Amino acid sequence: MDVTSQLAPVSAVLILDAQSGKSVVTRYYHPLSKFASEKTKAEFETAVYGKLRRYAAAQGTSVVFTDRALAVFHVSNDVMVTVVGPSAESELLLGDVLDTIIETLSNVLESQLEISLIQENMNLVFVVLDEVIHHGRVLTDSPAVLAPHLAPAFSPSAATNIGDQTISQAIESAKQSMAKTLMQELFGR
């Protein structure tokens, strides 16, 4: 039996401006016809924010059913981080994914999440999302495993060691290194 089939499916991760609902970072994992175009994605984000905005003033985590989907979201400062899954999915599993994303980003960025910080570190945000979720399947829900491997790759001193690599090559190298280390820790290989 495939272990990944038992993991929580995630349809999308939306990082929105908590005040305006404008998209800061989005990642869609299922190429559903519903999200086939940029227009339908924007409409979906607007609909999700429309449901969530009444809770945006309250800092913390909440759960809302929206547009035949389950949205688990957390508001921190001026940022609303939302993990969207099928309406039949467990809110606890999606909540764990949300907590992993927020805690990992906060640990690696060494700060609470803010729009300006996310925009300045967009590459790190996408790497964290890719390390937590792959094609809608949850890879890990442990910030303790991710943060120590991500932090050195994105520290200021790591930038001086890049040398002649492009940013994409450096990120790919960091991802490969993290994957190798995770495999060694998980399977002792």
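Colleague: Is His135 buried or exposed?

Modeller: His135 counts as exposed, because its relative accessibility is 59%. Here exposed means over 50% relative accessible area, buried under 20% and partly exposed in between, with a 1.4 Å probe and protein chains only. The model is predicted: local features need pLDDT of at least 70, side-chain atom pairs count only at pLDDT 80 or more, and totals for chains, interfaces and linings use all residues. Residues are numbered from 1 along each chain as its sequence is written, and side-chain values use heavy atoms, with hydrogens and water left out.

Colleague: Where does His135 lie?

Modeller: His135 is in the loop between strand 6 (133-134) and strand 7 (137-138). Helices (H or I, at least four residues) and strands (E, at least two) are DSSP runs, numbered from the N terminus. His135 is not a glycine, yet its phi is positive, at about 55°.

Colleague: Changing topic, which residues are in contact with Leu16, leaving aside neighbours within four places in sequence?

Modeller: They are Gly21, Lys22, Ser23, Val24, Tyr49, Asp78, Val79 and Met80. Contact means heavy atoms within 4.5 Å. The C-alpha atoms of Leu16 and Val79 are separated by 5.9 Å, although the two residues are 63 residues apart along the chain.

Colleague: And why does Leu16 count as buried?

Modeller: Leu16 counts as buried because its relative accessibility is 0%. Leu16 belongs to strand 1 (residues 12-17).

Colleague: How many helices and strands are there in the protein chain?

Modeller: The protein chain has 7 helices and 7 strands. Along the sequence, their pattern is β-β-α-β-β-β-α-α-α-β-β-α-α-α. Of the 189 residues in the chain, 42% are buried. Among contacts with a separation of 6 or more, 53% are between residues 24 or more positions apart.

Colleague: Where is Asp96, and how exposed is it?

Modeller: Asp96 is in helix 2 (residues 91-109). Asp96 counts as partly exposed because its relative accessibility is 36%.
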